[in-house]
Amino acid sequence: MVNADRISEAYKGEIWSEAAQKRARDRIDWMTGHATGRVLDVGCSQGIASLQTARAGHHVVGIDVELDRVAYASADRAAEPAEVATRMHVACASVLALPFADDSFDTALLGQVLAFLDDPGRALEAITRVLCPDGVVVITV
């Protein structure tokens, strides 16, 4: 399934109505407000949640299966001050093949992701593997 998500553009106020922009900002801010420690942003799309998390001082890795979304997030990252950019990394990867060691993250963000997966249970199992035992999963659907 092709990801045509444009959440970063909505968050920045570049597209959609003011009401839709506010809903996007409220959702992203709510999600990132629950982030602690090292963060995995699953299905990061254009990377706005990853960026906001890095701006808040957390180390974050955003992953998405769509290369053009990862490229957009990378461009936004490159425009940030060095102290933010060094805390944010993005990569093209699938939640079903996470390239991380067990217990690598304290928080996992899944913003509007589960509904688009063929096997959300398998995805949650993969996330559980890379999440620390007391880790937090933040989900919006």
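Is Arg-69 buried or exposed? At 12% relative accessibility, Arg-69 counts as buried, where buried means under 20% relative accessible area, exposed over 50%, and partly exposed in between, with a 1.4 Å probe and protein chains only. The notes below set that residue among its surroundings.

1. Basis of the notes. This is a predicted model, in which local features need pLDDT of at least 70 and side-chain atom pairs count only at pLDDT 80 or more, while totals for chains, interfaces and linings use all residues. Residues are numbered from 1 along each chain as its sequence is written, and side-chain values use heavy atoms, with hydrogens and water left out.

2. The sheet. Five strands, in the order β3-β2-β1-β4-β5, make up an open sheet with parallel pairing; strands (E, at least two residues) and helices (H or I, at least four) are DSSP runs numbered from the N terminus, and two strands pair if DSSP finds at least two bridges between them. Because β3 (88–92) and β5 (131–140) each have a single partner strand, they stand at the edges, and one side of each is left without a neighbour in the sheet. On average, and with direction ignored, neighbouring strands of this sheet are turned by 20° against each other; axes here are lines fitted to C-alpha atoms, for helices over the stretch in contact, and angles run from 0 to 180 degrees between N-to-C directions.

3. Pairing around β4. Strand β1 (residues 39–42) pairs with strand β4 (residues 105–111) in the parallel sense over four bridges, and within this pairing Val-42 has Leu-110 of β4 as its bridge partner. The pairing of β4 with β5 is likewise in the parallel sense and runs over six bridges, with Val-137 in β5 as the bridge partner of Ala-108.

4. Helices on the sheet. Helix α3 (residues 48–55) packs on the sheet and touches β1, β2 (60–64), β3 and β4, its direction making about 175° with that of β2; contact means heavy atoms within 4.5 Å. Helix α6 (residues 120–130) also packs on the sheet, where it touches β1, β4 and β5, and its direction makes about 140° with that of β5. Together, β4, α6 and β5 make a right-handed β-α-β unit, a crossover being right-handed if, with the strands pointing away from the viewer, the path from the first strand over the helix to the second runs clockwise.

5. Ala-123, Ala-126, Ile-127 and Val-130 are buried in α6. Seen down the helix axis, the buried residues of α6 fall within an arc of 100°, so they line one face of the helix; the arc is that of the directions from the helix axis to the C-beta atoms. These buried residues of α6 pack against β1, β4 and β5, whereas the face turned away from the buried side carries the exposed residues Glu-125 and Thr-128.

6. Salt bridges. The structure holds six salt bridges, each defined as a side-chain nitrogen of Lys or Arg within 4 Å of a carboxyl oxygen of Asp or Glu. One of them joins Lys-12 to Asp-76, with the closest N and O atoms 2.8 Å apart. This pair links distant parts of the chain, since Lys-12 lies in the loop between α1 (7–11) and α2 (18–33) and Asp-76 in helix α4 (residues 67–78), 64 residues apart. Lys-12 is partly exposed at 36% relative accessibility, whereas Asp-76 is buried at 17%.

7. Two further salt bridges. Glu-80 and Arg-55 meet through their side chains at 2.6 Å, N to O, and this pair too links distant parts of the chain, with Glu-80 in the loop between α4 and α5 (82–85) and Arg-55 in helix α3, 25 residues apart. Glu-80 is buried, with a relative accessible area of 16%, while Arg-55 counts as partly exposed at 43%. The Arg-69 of the opening question forms a salt bridge with Asp-68 (3.6 Å, N to O), and Asp-68 is partly exposed, with a relative accessible area of 44%.

8. Backbone points to check by eye. Most residues other than glycine have a negative phi. Trp-16, however, has a phi near 70°, a positive value in a residue other than glycine, and lies in the loop between α1 and α2. Gln-112, in the loop between β4 and α6, has a positive phi of about 60° although it is not a glycine, and is partly exposed, with a relative accessible area of 32%.
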